[in-house]
Amino acid sequence: MRRKDLVIMLTLLLAGTVFPKATLSQASPQKANDEQPLRISTELVQVDVVVTDKAGKVVRGLTKDDFELSEKGKKQQISFFEFVEAGKSRRPGDVAKQSDVDPSPQGLSEAEVKRIFGFIVDDLTIPYQDLVYVRQMLTNFVDNQMQPTDLVAIVRTVGGKGVLQQFTSDKELLRRAIASLTVATHPFTAFNTPAAQRLPANPLEFVAGGGTPSPSAGPSPGLAGADVVADFLGEAPDISSALDDTNKMLRSYMSLSTASFVVDSLRQLPGRKSLVLISGGLPIIGPQQASVAGNLSNHLNQLTDKATRAGVAIHTMDIRGLQVHAVASFADTPGRSAMGVNPGTIQGQFGRVPDKSLFGDRNPFDQIAGHQGLRALAYATGGIPVLNKNDFNEGLGKIIDASEAYYLLAYTPSDAKFDGDFRKLDIKVKRDGLKVYNRRGYIAREDKPSTAPTTKQDQLLAAVKSPLARRDIELDAMLLYKAASAEQGAIDIHLFIEAKKLTFEEAGDKQQANYDVAGFIFDVLGEMRGGFSETITVGLTPQELNRARATGFSYSANTSLSPGIYQVRLAARDNKTGNIGTLSRYLEVPNLSKGKLAASSLLIGAVPVKDTSQTDQKPIPASRRISRSNDLRYATIIYNAKLKDGKPQVRTQLIISHNGQVIYKPDEEPLVVTANNPQSVLKVGQLGLSGVKPGRYTMTLVIIDTLAEKKAQTISRSMDFLVVN
C-alpha cells in the first residue's frame, strides 16, 4: 500500500502554473511540568485539596501545619505535603499568550499536560431553550480560556459520537463537538430506536456495571420491558416524558453513570482533573426514589471513591440558571390553597406543589429537588456546584480558577486494615474566611496495580487508545483528501518517523533497525473503518544511516472513504527497545453530491526563492519541514463552486498564525480560473520565508463563494508547517 501520491499530485497540480507570491515574517516557543497521580494503600492515602478565598481565587503559601485531616472522625498525621501548580488560566478577553510548550504535531505528552477538563452535557435533562447557553459558554471557553497545554473533552450523556468525545487539545474538533450538541428526548435517542419503550428491570443497572450503556455504545442486551418496571415502581413510566418521576430518576442515574464512565477514562491521565456536569437538574431524592435511596447513597460513595483514586473533581452546573416564578396575583399563590378549596387543590394541603397551569414545567420545588443531586455530587468529589446563576461564564470561571493549583496531602491511616467500608474524610484549614474543597472519602480497599501490556500488539493498541501522545519515537503525519467521486474521497496517509530515535545494530557491513508501523481509522461513532500494520526491517550503510538520521523515514498508505468525519491514529514501535511513538489526526470527507462548496486538503511543496514557474518543485515530507532558503508553494482543488455566465465567482484569503497570533493576513483576492472544468478549479499560491524565524506556523486558506447561500458560502483549509534554517 506504499505510494508516492504526494509527489505525483503536487507535480500534476502545480506544474507550469504562474501565480503571485507573498513574503512572510515572525516568532518561537518552550516547555512544561508533569504532575503526580493519586494512590491509596494501607501504607499511604494521598488526597488533593483546593483552598480558595472569598473571591474564589486559589490560596497559596499554606503549610502542612495549616491543615487538619480526619478519617472517620479520627485525626490523622499528615506525612507528606506539596503545593502543585496546574497552570495559569486566562480570563475571557485576555490576549492570547505565547505557548510555554512547543506545539508538537504529535499532540500533548504526559509531561506537557497542565490542565484537564471534561464537560458532560446532560442532553436528557437540559431544556431545549437552554441549549444556546451551553453552546455559548463552551465556545467562549474553547476560544478564550483554553490553553495549548489543556486536554479537553465534551461528552454527551446519550447522544454523543465517539470521535467528537475524545480528550484532545484540538480546538477545531471541540468546536465541532459543540456545534453537534442537541437535546435528547429519551435515553434511547442515541440508539436509533425512538419507539422502544424498554427500561432496565432494576434502575440501578444503569450504574452498577454489567448492562451499563456507555455514551457511544449501543443498548444493553440486559434490558427488560416497561411491565417489569411497573412491578418494581408501580405505574409504567412514559419514557419520552421529562416530567415523569420515575423517568427523572432513571435520567439521574444515567447522568451519574456517564460521569462514572468518564472518571474511569481519566484515571490514566496525570494530575488533578476537572469534570463539569452541565445539567438541567439531578433530582436524586423524591417520592419514587425513596425506595432506592440506600442504593443511591452507595452509588455516590462508589463514584466518590472512583473520583478520589482518579484525582477527579466533579463540578456541577444547572444551566437553567436563576429562575423567577411570577404569578398573576396573591389569589394564585400556593399559600392560599390552604384557606379553602380552589380548582386543582386539596382541602387542608398547606404549601402544596404549585399548579403547572401557573408555573408550567418549571416549578420552584422541581428546581430545589434538582439541585439536591448536583450539590451532593460536587461536595462528595471536591467540586464546585454552580447553581442559581445566570452568568455561566462567571460560574465556569470560578471552576477554572479553582483548577489552577492544589495541595497534595498524604498520610498513613491509623486503621491499617482495609475492610471495604466507606471512610469519610474531613479536611479543615486553620485560617478564617477560606473555602476548602476536598473529597468526602474513599472505600477502604487497596489500589490494584494495573497490568502492563506484554505483547507488542497489546502495547501498540494501548498506546493508540491513550489520549496522551507517546514521544519515545518522534512521528509526524500528513493526511491528504481529494475527490475520487461525488461520494468517495481518496485519502493518502503519509507518516514521518524520526530515525534518530530508532535503535540500529550491526548486521554484517550494515546498520539494521526493526520497527512496526500501525494505523487505525475510526468513524464518527468510534467504529473502526480500516487500518494497516507492518513490520519493517532496514539495513543501511554508514552513509545511508547519516542521511536517514537527518531526513527520517517515511511510510505511506492510501484508502477510500465515504463522506463523514474520521480519526486516524498512528503508531510506531522500535522492536529492539519497545519504545513507541503515537499521534492522531482528524479528517473530513465532504459529500460532493449535495452540491455544497468543498475543497481538497492543502498541498504544499518547496521551490527556489522567487521562482513562480518552477515545474520541478521539491515535495515537502510528512514532517512539513521547509528551509528558510526556499519559498513555500501551496495549492488546493475547489469543488462545487456556483457559476455565473459559466464561471465561478470565488475569492480566497490566506491567514498565517504563530502560537495563536495572526501574523499575516492580506486582503481577499479573486480566484483566476484557467482550467476547462470551472466546477473543479485550482487555487495556487506561494510564500517567501527568508524573513521568518524558525518555528511552527499554521496556514489557513479561507475560500468564499460569493454566489452561494450565505450560510454555505465560506469554508477553510488549514495545515501547519515547520520553518527551519
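In the predicted model, helix α10 (residues 456-465) contains the buried residues Q459, L460, A463 and V464, where buried denotes under 20% relative accessible area, exposed over 50% and partly exposed in between (1.4 Å probe, protein chains only). Helices (H or I, at least four residues) and strands (E, at least two) are DSSP runs, numbered from the N terminus. Viewed down the axis of α10, the buried residues fall within an arc of 130 degrees and so line one face of the helix; the arc is that of the directions from the helix axis to the C-beta atoms. An α-helix has 3.6 residues a turn, so residues three or four places apart point the same way. Q457 and K465 are exposed on the other side of α10. The packing partners of the buried α10 residues are β20 (510-522), β23 (564-574) and β24 (580-589).

Residues are numbered from 1 along each chain as its sequence is written. The model is predicted, so that local features need pLDDT of at least 70 and side-chain atom pairs count only at pLDDT 80 or more, while totals for chains, interfaces and linings use all residues, and side-chain values use heavy atoms, with hydrogens and water left out.

L409 lies in strand β13 (residues 405-411) and counts as buried, at 0% relative accessibility. Leaving aside residues up to four places away in sequence, L409 touches V45, Q46, V47, V49, F67, L69, I78, F80, F81 and I427, a contact being heavy atoms within 4.5 Å.

Helices α2 (residues 131-145) and α3 (residues 171-179) pack at an angle of about 175 degrees, with axes 10 Å apart. Axes are lines fitted to C-alpha atoms, for helices over the stretch in contact, and angles run from 0 to 180 degrees between N-to-C directions. The two helices α2 and α3 are therefore roughly antiparallel, a term for angles over 145 degrees. From α2, R135, L138, T139, V142 and D143 meet K171, L174, R175, I178 and A179 of α3. The residues of this contact comprise five nonpolar, one polar and four charged.

Confidence is expressed as pLDDT, from 0 to 100 for each residue. The protein chain averages 76, and 71% of its residues score at least 70. Among the elements, strand β3 (residues 67-71) has the highest mean pLDDT (95) and strand β9 (residues 224-225) the lowest (33).

Notes:
pLDDT = per-residue confidence, 0-100. Parallel < 35°, antiparallel > 145°, perpendicular 65-115°, else oblique. Nonpolar A, V, L, I, M, F, W, Y, C, P; charged D, E, K, R; others polar.
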